[in-house]
Structure formats: C-alpha cells, structure tokens
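Subject: Structure handover

Hi,

Here is the structure I promised to pass on. Please open it alongside this email. My notes follow below.

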Amino acid sequence: YNFYEFGKFFVIEPLKKGILFEEKGSYLEALKIYEISVEENGESTEALTYYANCLVLLDRFDEAEEFYKKALDINPFCGDICYFYSRLLEYRNKYDEARNLCN
C-alpha cells in the first residue's frame, strides 16, 4: 500500500478518498469508500476505525461499536481506537464500559 501523510497521520491510500469526502460532509460517500476498504483489508485497524467513525457521524452507533470492537480485537493497545470507542460509549452513557475499555 502507498501511504500518504494526511494531517498528523499516515493513512492507507484507499482511505484518502474517504477522508476527503468526510471533510466535505459527504458522509455517505465516505462510508462507501471505507466499506470497500474494510472489505478489501478486513484486518486493517485504520480501515475499521475510519469506518466506525463515519458510522458515528451518521448516528449508526450500534454498527460503529461493532467495528470498534473488531479493530480492538486486532490491536487492543491502539490509543486511537480506545479514544474514539470510549467517546462513543460515554456519549451512550456507558461510562463503566468506557472507563474499563483499554485498561
């Protein structure tokens, strides 16, 4: 894969287009790109996390939790995944689960 510097992060090439759609507020278009990336790279925590983040923006919280969990199963010590997932859990008033997420 080619990696691009995008802000502070390096992202896999297929995700770059999704990020651009997301920044423009075209969340459904971004979601389509992320979905393809997840299908092609199911073990990519980056793809899973971007997909989950976009689901959150579309208020599809149950689905987002599912993809955050998949990402954490692959890399349980990734700070970004823990951060985004715990924020969603807090938003959904699941404070104990959020507090214990990455301990």
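Start with Asn 53. Asn 53 has a relative accessible area of 15%, so the residue is buried, the cut-off being under 20%. Keep in mind that this is a predicted model.

Asn 53 sits in helix H3. Which residues does Asn 53 touch, leaving aside its neighbours within four places in sequence? They are Tyr 68 and Phe 84.

Thr 45 also belongs to helix H3. Its relative accessibility is 12%, so Thr 45 counts as buried too. Again leaving aside neighbours within four places in sequence, Thr 45 is in contact with Ala 71, Ile 74, Asn 75 and Ile 81.

Now the packing of H3 on H4.

Helix H4 covers residues 61–74. The axes of H3 and H4 come within 8 Å. They cross at roughly 160 degrees. Angles over 145 degrees count as roughly antiparallel, so that is how H3 and H4 run relative to each other. The crossing is left-handed.

Who makes the contact? From H3, the residues are Thr 45, Leu 48, Thr 49, Tyr 51, Ala 52, Asn 53, Leu 55 and Val 56. From H4, they are Phe 61, Glu 63, Ala 64, Phe 67, Tyr 68, Lys 70, Ala 71 and Ile 74. Both Asn 53 and Thr 45 are on the H3 list. By type, the contact residues split into eleven nonpolar, three polar and two charged.

Next, the aromatic rings.

How many aromatic pairs are there? The count is five. One of them is Tyr 34 with Tyr 50. Their ring centres are 5.7 Å apart, and the planes are at 35 degrees. That pair is tilted. Tyr 34 lies in helix H2 (residues 27–40) and Tyr 50 in helix H3 (residues 45–57). The two are 16 residues apart, so the pair links distant parts of the chain. Tyr 34 and Tyr 50 are both buried.

Tyr 83 and Phe 84 form another pair. Here the centres are 5.4 Å apart. The planes stand at 70 degrees, over the 60-degree cut-off, so this pair is edge-to-face.

Best wishes

Notes. Residues are numbered from 1 along each chain as its sequence is written. This is a predicted model: local features need pLDDT of at least 70, side-chain atom pairs count only at pLDDT 80 or more; totals for chains, interfaces and linings use all residues. Side-chain values use heavy atoms; hydrogens and water are left out. Rings of Phe, Tyr and Trp (its six-membered ring) pair if their centres lie within 6.5 Å; planes under 30 degrees apart count as stacked, over 60 as edge-to-face and the rest as tilted. Helices (H or I, at least four residues) and strands (E, at least two) are DSSP runs, numbered from the N terminus. Buried means under 20% relative accessible area, exposed over 50%, partly exposed in between (1.4 Å probe, protein chains only). Axes are lines fitted to C-alpha atoms, for helices over the stretch in contact, and angles run from 0 to 180 degrees between N-to-C directions. Angles under 35 degrees count as roughly parallel, over 145 as roughly antiparallel, 65 to 115 as roughly perpendicular and the rest as oblique. A crossing is left-handed if the near helix is turned anticlockwise from the far one by less than a right angle, and right-handed if clockwise. Contact means heavy atoms within 4.5 Å. Ala, Val, Leu, Ile, Met, Phe, Trp, Tyr, Cys and Pro count as nonpolar, Asp, Glu, Lys and Arg as charged, and the others, Gly among them, as polar.
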